[in-house]
Amino acid sequence: MSINSIFNHVIRTGSILFVRSVSAMPRNIEIKAMLPNPTKSSEVAKNLSGTEGTLLVQDDTFFNVPQGRLKLRQESNSKAKLIQYSRPDKEGPKLSSYHITFVEDGESLKTTLTRALGIMGVVKKNRMLFLVGQTRVHIDEVEGLGHYLELEVVLEDSQTEQEGQEIAEGLMKKLDITESDLVTNAYIDQLLKK
């Protein structure tokens with residue numbers, strides 16, 4: 001394991017020094033695609049996951065930051081999450097690194113971040129979440145944009161980007177997603193272009 005992929009946290013208790021190693025930022029391989037037939041895709045996702053899925057109603061507020069993206073996700077029946085992430089804008093499977101902080105008072109943090117950074121935009125969506133192995137399959141209905149599918153293959157520390165891409169491409173085939181369905185930009189970028 002390289003030194004760049006380890007964060008060392010030092011905890012001092014009395015005269016004993018403990019060093020704990022924690023893996024680098026979580027990584028996943030993502031794809032996003034337009035869904036011409038969300039009902040069919042949902043049925044396939046149900047069969048692959050063996051579940052009916054979970055409905056998440058999400059409001060993502062994006063803030064102006066100089067690097068990567070910073071969003072506050074507020075969703076039904078869950079704590080708010082402040083999510084920082086970086087990923088390239090390109091078609092097909094792409095590597096994303098991210099950090100999530102759970103927030104007790106999302107509205108208060110939203111006010112603070114709005115005052116400090118300003119709001120870039122807001123994405124509102126209904127998301128059906130299906131778990132297929134190490135992949136989160138999202139069937140999204142995005143306000144102002146329509147229906148999309150998103151795959152997030154959550155990589156284990158030992159897995160390569162290539163392994164994640166192979167998993168994503170295998171699921172794309174099972175879900176009947178073609179290269180022409182793929183979308184390069186994030187939802188926020190598409191909304192800002194309208």
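Biologist: Hi! Which residue does Lys125 form a salt bridge with?

Modeller: Lys125 pairs with Asp60, and their closest N and O atoms are 2.8 Å apart. A salt bridge here is a side-chain nitrogen of Lys or Arg within 4 Å of a carboxyl oxygen of Asp or Glu. Bear in mind that this is a predicted model: local features need pLDDT of at least 70, side-chain atom pairs count only at pLDDT 80 or more, and totals for chains, interfaces and linings use all residues. Residues are numbered from 1 along each chain as its sequence is written, and side-chain values use heavy atoms, with hydrogens and water left out.

Biologist: Where do Lys125 and Asp60 lie?

Modeller: Lys125 is in strand E8 (residues 119–132) and Asp60 in strand E4 (residues 54–63), so their pairing ties together parts that are 65 residues apart in sequence. Strands (E, at least two residues) and helices (H or I, at least four) are DSSP runs, numbered from the N terminus.

Biologist: Are Lys125 and Asp60 buried or exposed?

Modeller: Both Lys125 and Asp60 are buried. Buried means under 20% relative accessible area, exposed over 50%, and partly exposed in between (1.4 Å probe, protein chains only).

Biologist: And how many salt bridges are there by this rule?

Modeller: The count comes to 14. Lys32, Arg127, Asp140 and Glu150 are linked in a network of them. Another salt bridge joins Glu104 and Lys79, with 2.7 Å between the closest N and O atoms. Glu104 is exposed, at 66% relative accessible area, while Lys79 is partly exposed at 42%.

Biologist: New topic: how many residues has the largest nonpolar core?

Modeller: That core has 19 residues, and those with the most contacts inside it are Ile31, Val137, Leu149, Leu151 and Ile177. A nonpolar core is a set of buried Ala, Val, Leu, Ile, Met, Phe, Trp, Tyr and Cys residues joined through side-chain atoms within 4.5 Å.

Biologist: Which elements each supply at least two residues of this core?

Modeller: Strand E3 (27–34), E8, strand E9 (135–142), strand E10 (146–154) and helix H3 (161–174) each do. Apart from this core lies another, of eleven residues, including Tyr85 and Tyr148.

Biologist: Last one: how do the residues lining the largest pocket divide into nonpolar, polar and charged?

Modeller: The lining has eleven nonpolar, four polar and 13 charged residues. Asp, Glu, Lys and Arg count as charged, Ala, Val, Leu, Ile, Met, Phe, Trp, Tyr, Cys and Pro as nonpolar, and the others, Gly among them, as polar.
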